[in-house]
Amino acid sequence: MGKRRAGRELLRSLSKKQKKHLREFGEEHPFYDKLLLLLLHSCFPFQSEDSDKSSAESDSETEVEQVSGYHKLLATLKTSPESESEEEEDESESEEAEQSEAEMDSKGSQEIGEAEGGEEDKNDVPEEEEGTTDTAEQILSQEQADGTRDTSCDPRHGVMEEFTDVKHESEFSLETNFMEEESGDCNADKRDSNPFKQHMDKELEDKEIEKMSTLPKTSSQSQWPRLGQLIFSSTLEKHKTLKADKEIDVKQLHLHKPLESTWPKVNKQFMSSVDKTSDSPFTPLQRELFCIMNSYRDLFYPERNALTNGEEIRHAYCLHALNHVLKANAQVLSNNAKRRDRKPGTDTDDYRDQGLTRPKVLMIVPFRECALRIVHTFISLLEVNDKKKIDVSNKKRFKGEFDSDPEEKPPNLKRPEDYEAVFAGNIDDHFRIGVAILQKSMRLYAPFYSSDIIIASPLGIRTVIGAEGEKKRDFDFLSSIEILIIDQADIYLMQNWEHVLHLMKHINLLPLDSHGVDFSRVRMLNLNNWSKYYRQTLLFSALQDPQLNSVFNKHCFNYVGQVAVRNVPLTGSISHVLVQLPHVFRRLEAESVTSVIDTRFQFFVDKVLPEYRDAIMSHTLIYVPSYFDYVRLRNYFKKEDLNFTHICEYTKKAAVCRARRFFLKGEKQFLLFTERFHFYKRYTIKGIRNLIFYELPTYPHFYSEICNMLKATDNGVDATWTCTVLYSKYDAQKLAAVVGIDRTAQMLQSKKNVHLFVTGEN
């Protein structure tokens, strides 16, 4: 209580402008609201040099870190009653407006005062005020003088210079260590059926590389019991058809020795009573996924669900990645001993077992919580039993930076189950960490060039790669990546997809520096710049999307081939609409994919909007997936002086509350509403009578969620509810996910508008 009281006194001593500046300082994603302060907490730890040194030590250290006054102030802001009341008020679903308009207006005026008034669009780009800037600069300059300022995550300092463990460099060096007899499976690596050896030791010829670069891929289909319809594609000659194994013996998978015993124990939490009757340590889904992974084919699985199979999939690819790293390192350590004992003059080409840089596996995940679970899975897989614990360096620091704050209690607000599953734990999206694994030890925060596995978010890896023209940029560590895992790829569509594309353009390029590599140990495939033809890419998503398909088809060159799961939806999310609502799907004709954006805008302005200009068609919500379309519509509505309000992911909390109130009361006829705001907030918008989907939603279930918002204000006007959807022939995938494959085929063949009436039982 004393710390909290002291924190509140510090808070009261600041002016409103200073409080506002602290809340906005370092803001990247304004839609995070309260969680934004958690992002600040992780990006500005303000630790002293002594605490940095102490946290770099092993877990046995128990020194208490010294926290600066500014750090305490940020923690106070994060848990202050004022911020909690704002969040609860924002999610009140405008119930206060229905019960007491005067009370709601008084709250709204208070929020307007805090936001310094003005229109919502003025709040989209906050302006720096002279007073607050000077105050912040004084605080920061004082902290820099005291040596407590940590700029590791400050975007203004260019490439992040975060903590890396240099203390254990020699202990985890592959060049100076040798294989322990009890921990490796050197002899297993000699087996011809070992998938790792088969894949990495295959020597491609120049004509095969030319063939993969020029000729199109040939494809074939196959039906598997659990995964469903699979599309196998490859440029080279048809390989042996891959079939799903009904039963898998762990010994037949050629797993590294410790994993054979630890995997059944770690994975038993996912085994149902039916699965436990068999001897297989995999669930049906894991068995078929791992069968593809272990063949080193590229894989695109677009049916990942955070509620049902997300953790199953994570454990499966963690097993595959760890097995690959352990086998690769065991081969290097074994060859170290052979080189040491070899006779002078012996040919050294037999020991080519490395890439141009050490990192072998790159894992792209959206949030720190995902990285935390991956590392915990690695530790569980490496610990044979409770008596043989592996040594994990910097585990205490890792838990502090990647685990969620136990004192941070989420607000008592209702959210869908899938939302709670996706945004569980620490949802900071700016991070990266190197992991080195050597026999019985794991090293967290290893420098990238001494790491075996790199776990990062798209934003975290993007800030290291940098852009052309920047002085501090580095992507050499991506030159020899052998397995690329992109998990929850659909979330990156809601963050910034450009970061993923930027990564794909810089992976498996020849490094600009040698980084101390022994070229006599480098595989010829790396020296020939053929790494991308050996890289396996595993792409997991909750949906099929043209942008995801583009990455899988254009940036995956695996010589073994690609496997994509292509199951078509039979019913669609429209079957989950619970209100009686007429759905009108209006088709627009576009000549090409590039012209569909302008065609959709012109179609909306000329043919759709005039039907809703009448005052009778009030309470119209326009759902806009693309932020660029949103800006275009907002500018047009302003130009035409239409009575509207708007909410996007960058809108301030006070402006969101005003917009929801104005729309509910009918003071504003139109509400422009972006998909990303709905993704990050999931607010229920009350007062909707007319729905317009400017474009089909990215997530199919968003369609039913938005339609079901109409029942939030049930005042006997069901007959006046309308729903209009704009689509083109290029929206076939999204359309099938909403209405089902059969209706999609009919709608794409017919050029007429389609009217559907959903009774809540379809």
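Which residues of helix α14 (residues 257-267) are buried? I get Pro 258, Leu 259, Thr 262, Trp 263, Val 266 and Asn 267. Buried here means under 20% relative accessible area, exposed over 50%, and partly exposed in between, with a 1.4 Å probe and protein chains only.

Some bookkeeping before I go on. This is a predicted model, where local features need pLDDT of at least 70 and side-chain atom pairs count only at pLDDT 80 or more, while totals for chains, interfaces and linings use all residues. I number residues from 1 along each chain as its sequence is written, and side-chain values use heavy atoms, with hydrogens and water left out. Helices (H or I, at least four residues) and strands (E, at least two) are DSSP runs, numbered from the N terminus.

Back to α14: buried residues Pro 258, Leu 259, Thr 262, Trp 263, Val 266 and Asn 267. Looking down the axis of α14, I find its buried residues within an arc of 115°, so they line one face of the helix. That arc is taken from the directions from the helix axis to the C-beta atoms. An α-helix has 3.6 residues a turn, so residues three or four places apart point the same way. The cover over the buried residues of α14 includes α16 (284-293), α17 and α18 (368-382).

**Cores**

I then looked up the largest nonpolar core, which has 151 residues. A nonpolar core is a set of buried Ala, Val, Leu, Ile, Met, Phe, Trp, Tyr and Cys residues joined through side-chain atoms within 4.5 Å. Tyr 317, Met 442, Ile 455 and Phe 585 have the most contacts inside this core. Helix α17 (residues 310-341) gives the most to this core, ten residues. Domain 1 (246-340 + 351-540) and domain 2 (573-759) each supply at least three residues to this core; the bounds come from an automatic or database domain assignment. Another core, of 24 residues, lies apart from it and includes Ala 590, Val 605, Tyr 636 and Leu 672.

**Strands**

How many residues of β13 (residues 620-624) are buried? Five of its five are. Thr 620, Ile 622 and Val 624 sit on one side of β13, with Leu 621 and Tyr 623 on the other. β13 runs parallel to β15 (residues 670-674) over five bridges and parallel to β16 (residues 690-693) over four. Strands count as paired if DSSP finds at least two bridges between them. Ile 622 has Leu 672 of β15 as its bridge partner, and Thr 620 has Asn 690 of β16.

In β3 (residues 298-301), Asp 298 and Phe 300 point one way, Leu 299 and Tyr 301 the other way, and all are buried. Leu 299 stands opposite Val 563 in β11 and opposite Leu 538 in β10.

I found zero disulfides, a disulfide being a pair of cysteine sulfur atoms within 2.5 Å. Cys 291 is buried at 12% relative accessible area, and Cys 657 is buried at 5%.

Last, I checked Leu 356, in the loop between α17 and β4 (361-364). Leu 356 is buried, with a relative accessible area of 9%. Leu 356 and Val 517 are 161 residues apart in sequence, yet their C-alpha atoms are 6.4 Å apart in space.

Definitions and conventions
Contact = heavy atoms within 4.5 Å.
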